[in-house]
Amino acid sequence: MLGSLINGGAVLAGGLLGHFAGKLFSKEQQESLSRACGVSVMFIAVAGAMEGMLSIDGGRLLSGKAMFVVLCLTLGTIAGELMGIERGFENFGIWLRERSGNSGDTRFLDAFVTASLTICIGAMAIVGAIQEGITGDFSTLAVKSVLDFFIIAIFTSSMGKGAVFAAIPVFILEASVTLFAKLLAPVMTELAISYISLIGAVLIFCIGVNLVWEKRFNVANMLPAIIFAVISAYLPWGF
């Protein structure tokens, strides 16, 4: 689980840098930085989504998988709302806020949830963890760690210390996948990973919207859409 440890450490290091850098900005400047992060996240997500939905056929640009996206998001959101995943995330964030002595930080919860979802959603964490669990190669998680370092540094400087604690869920996720890699590997076909990347990009776009226009989506409650994306890869008909 060296890759998981490196990723968790990178998040902590990025949070430490962001904490000290954030002191250099006024509240208004921090809010502007947060919105800039949101716009950046949205454009990155759109690029990822379009990569999965667009194709070139005979010199023409074609779009597809619209029904796949609608079904996964709809079914996933219904499942997430019924399970109350967002509420569980928030309760854990509240517990961390109290235990870490940050009860007076009004943005702690938003920073923790937003940062956790941003670095946990996506195929890179799952594929990298499976790769390490089977072959011992943690290079994918190492690359992800560099990206997460800068993401968390920016989030911490603009949203506060809550973003640092995203190290906990990302480590738990990646370590768990690494431990059960041999069981998960046969399920994660190339098509399943492609579907995860597409739905993950859409969810990350929703995170960007929340950063720019305050909270509009309960993204944690939409997470089961990723499970439906994997299931879709095994349906007898294609999207």
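The following questions and answers go through a predicted model of one protein chain.

Visitor: How many helices and strands does the protein chain have, and in what order do the elements run?
Guide: The secondary structure of this predicted model comes to eleven helices and two strands. Read from the N terminus on, the order is α-α-β-β-α-α-α-α-α-α-α-α-α.

Visitor: How does the radius of gyration of the protein chain stand against the globule rule?
Guide: The C-alpha trace spans about 55 × 40 × 40 Å along its principal axes. For 239 residues the globule rule gives 18 Å, and the chain is close to that, so it is as compact as a globular protein of that length. Its radius of gyration is 18 Å.

Visitor: What share of the contacts between residues at least 6 apart in sequence joins residues at least 24 apart?
Guide: A contact here means heavy atoms within 4.5 Å. Among contacts in the protein chain between residues at least 6 apart, the share that joins residues at least 24 apart is 79%.

Visitor: What part of the accessible surface belongs to carbon and sulfur atoms?
Guide: Of the 239 residues, 45% count as buried. The accessible surface of the chain comes to about 12100 Å². The part of that surface belonging to carbon and sulfur atoms is 69%.

Visitor: How far apart lie the centres of the positive and negative side chains?
Guide: The chain has 14 positive and 16 negative side chains. The centres of these two sets are separated by 5 Å.

Visitor: Is serine 34 buried or exposed?
Guide: Serine 34 sits in helix α2, residues 27–53. Beyond its neighbours within four places in sequence, serine 34 is in contact with Arg107, Ser158, Met159 and Leu211. Its relative accessible area is 5%, and since the cut-off is under 20%, serine 34 is buried.

Visitor: How far is alanine 47 from valine 202, C-alpha to C-alpha?
Guide: Alanine 47 belongs to helix α2 and, at 46% relative accessibility, counts as partly exposed. Along the chain, alanine 47 and valine 202 are 155 residues apart. Their C-alpha atoms are separated by 10.0 Å.

Visitor: What is phi of lysine 65?
Guide: Lysine 65 is placed in the loop between β2 (60–63) and α3 (66–83), and it is partly exposed, with a relative accessible area of 24%. Most residues other than glycine have a negative phi. Lysine 65 is not glycine, yet its phi is positive, near 65 degrees.

Visitor: Which residues does phenylalanine 239 touch, not counting residues up to four places away in sequence?
Guide: Phenylalanine 239 lies in the segment after α11 (224–232) and is partly exposed, at 31% relative accessible area. Its C-alpha atom is 8.3 Å from that of alanine 66, 173 residues away along the chain. The residues touched are Lys65, Met67, Phe68, Leu71, Tyr195 and Ser232.

Visitor: How far apart in space are glycine 88 and leucine 75?
Guide: Glycine 88 is in helix α4, residues 85–99, and counts as partly exposed at 39% relative accessibility. In sequence, glycine 88 and leucine 75 are 13 residues apart. From C-alpha to C-alpha, the separation is 19 Å.

Visitor: What separates the C-alpha atoms of threonine 140 and phenylalanine 217?
Guide: Threonine 140 is found in helix α7, residues 139–159. Leaving out residues up to four places away, threonine 140 touches Met124, Gly128 and Gln131. Phenylalanine 217 is 77 residues away along the chain, and the two C-alpha atoms are separated by 29 Å.

Conventions: Residues are numbered from 1 along each chain as its sequence is written. This is a predicted model: local features need pLDDT of at least 70, side-chain atom pairs count only at pLDDT 80 or more; totals for chains, interfaces and linings use all residues. Side-chain values use heavy atoms; hydrogens and water are left out. Helices (H or I, at least four residues) and strands (E, at least two) are DSSP runs, numbered from the N terminus. The radius of gyration is taken over C-alpha atoms; the globule rule is 2.2 Å times the number of residues to the power 0.38. Buried means under 20% relative accessible area, exposed over 50%, partly exposed in between (1.4 Å probe, protein chains only). Accessible areas come from the Shrake-Rupley method with a 1.4 Å probe; for residues, only the protein chains shown count as cover. Lys and Arg count as positive and Asp and Glu as negative; His and the chain ends are not counted. The place of a charge is taken as NZ of Lys, CZ of Arg, CG of Asp or CD of Glu.
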